[in-house]
Amino acid sequence: MIGSPKSLSDSGSFLWIAQRVSGLLVFFYFLFILGILVSVQDVTYEYWKSIFNNRLVQVFSLLAIVSLITHAWIGIQCVISDYITERLIGPKAILIRRTLSNFFGLLLMFYLFWSLLILWNL
Amino acid sequence: MLTVSVYRYNPEADEAPYMQDFPFDSEGKDLMVLDVLEKLKVIDPSLVFRRSCREGVCGSDGVNISGKNGLACITPLSEAVRDDKLVIRPLPGLPVVRDLVIDMSQFYAQYEKIKPYMMNESAPPEKERLQSQEDRAKLDGLYECILCACCSTACPSFWWNPDKFIGPSGLLQAYRFLADTRDTATEERLTDLQDPFSVFRCHGIMNCVQVCPKGLNPTKAIGHIRTMLVKNAL
């Protein structure tokens, strides 16, 4: 066993695994929704409601949403730390990076709670 | 008649870098780019570039030739000239000292980080640490790196984070020691590489493979390191 990182976000392996697992979950959820759209002729509001009232679908949807948020968070962090560096734009990069990181963090949290609200209110 | 366009910059005299055009007659010969540079230096002795062995072994004369990193001494004009024009620039992404000479401190700092030497705590045998032929074969394609920096300076991840991402050259060397059965510091080496930047900032675009003048495959080596790190984390 190799030495432990200080936190999970300090572990490249954890982030790498999280991004791939979350990507796979979102992919399977996409296939699930696509399957419904292709196989059912008249997809009405009542039909969607009956699908999403199923406990398993709710759990799957929740997993997909959390996965999407996780996937987006890791990806955005990666892009920010790749392009906004002190080397490229000087010391102000630290402030810009933190601001963008917090902005996207809050935005993704907002999306998460909004999605949960939609799911619970069905 | 060729036009050879060369990047010029003398920080003590020039305000900004510029490209200088030289007319050049190769007399129909398929010269190497280094031969062209040597002939230009006769015309203009102020032109500065690194060179040593002139046969692709020392790795001194890595430059950007018509947009692609390579060794000037083993790149023939027939491969490098486009529309009767040859463009020679320093390797990208590292500070220019003068003309085609770059400051490679950051590149060597990353190389130093991966501890490029055998680590084995056990008492050394009387003669040497032996290896089976199969184990020795695992090092083929890894040990041949000449540290010319063509790969690392072709890598956008290294341009963006040269202080955090080890770069393809350093990681190829890191795997050379991870794959060596005589080395016993695998855990220590992997611990040093497990942060989100050192290895995982490789996005696998394979620029390194495309430009390596020795035909090596750093992306493959990085993939092996990543697998080792992920297996250890699970």
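The model is predicted: local features need pLDDT of at least 70 and side-chain atom pairs pLDDT 80 or more, while totals for chains, interfaces and linings use all residues. Residues are numbered from 1 along each chain, chains are lettered from A and ligands numbered from 1 as written, and side-chain values use heavy atoms, without hydrogens or water.

Helices are DSSP runs of H or I with at least four residues, numbered from the N terminus. Axes are lines fitted to C-alpha atoms over the stretch in contact, and angles run from 0 to 180 degrees between N-to-C directions.

| Helix pair | Angle | Axis distance |
|---|---|---|
| α1(A) (residues 12–39) and α3(A) | about 135 degrees | 8 Å |
| α2(A) (residues 45–53) and α3(A) (residues 55–83) | about 85 degrees | 5 Å |

That angle makes α2(A) roughly perpendicular to α3(A). Ile51(A), Phe52(A) and Asn53(A) of α2(A) touch Arg55(A), Val57(A), Gln58(A) and Ser61(A) of α3(A); contact means heavy atoms within 4.5 Å.

In the other pair, α1(A) contributes residues including Leu15(A), Phe28(A) and Phe32(A), and α3(A) residues including Val57(A), Phe60(A) and Ile74(A). This contact of α1(A) with α3(A) has 12 nonpolar, 8 polar and no charged residues. Ala, Val, Leu, Ile, Met, Phe, Trp, Tyr, Cys and Pro count as nonpolar, Asp, Glu, Lys and Arg as charged, and the others, Gly among them, as polar.

The predictor gives the complex an ipTM of 0.79 and a pTM of 0.88.

Key:
Helix = DSSP H or I, 4+ residues; strand = E, 2+ residues; numbered from the N terminus. Parallel < 35°, antiparallel > 145°, perpendicular 65-115°, else oblique.
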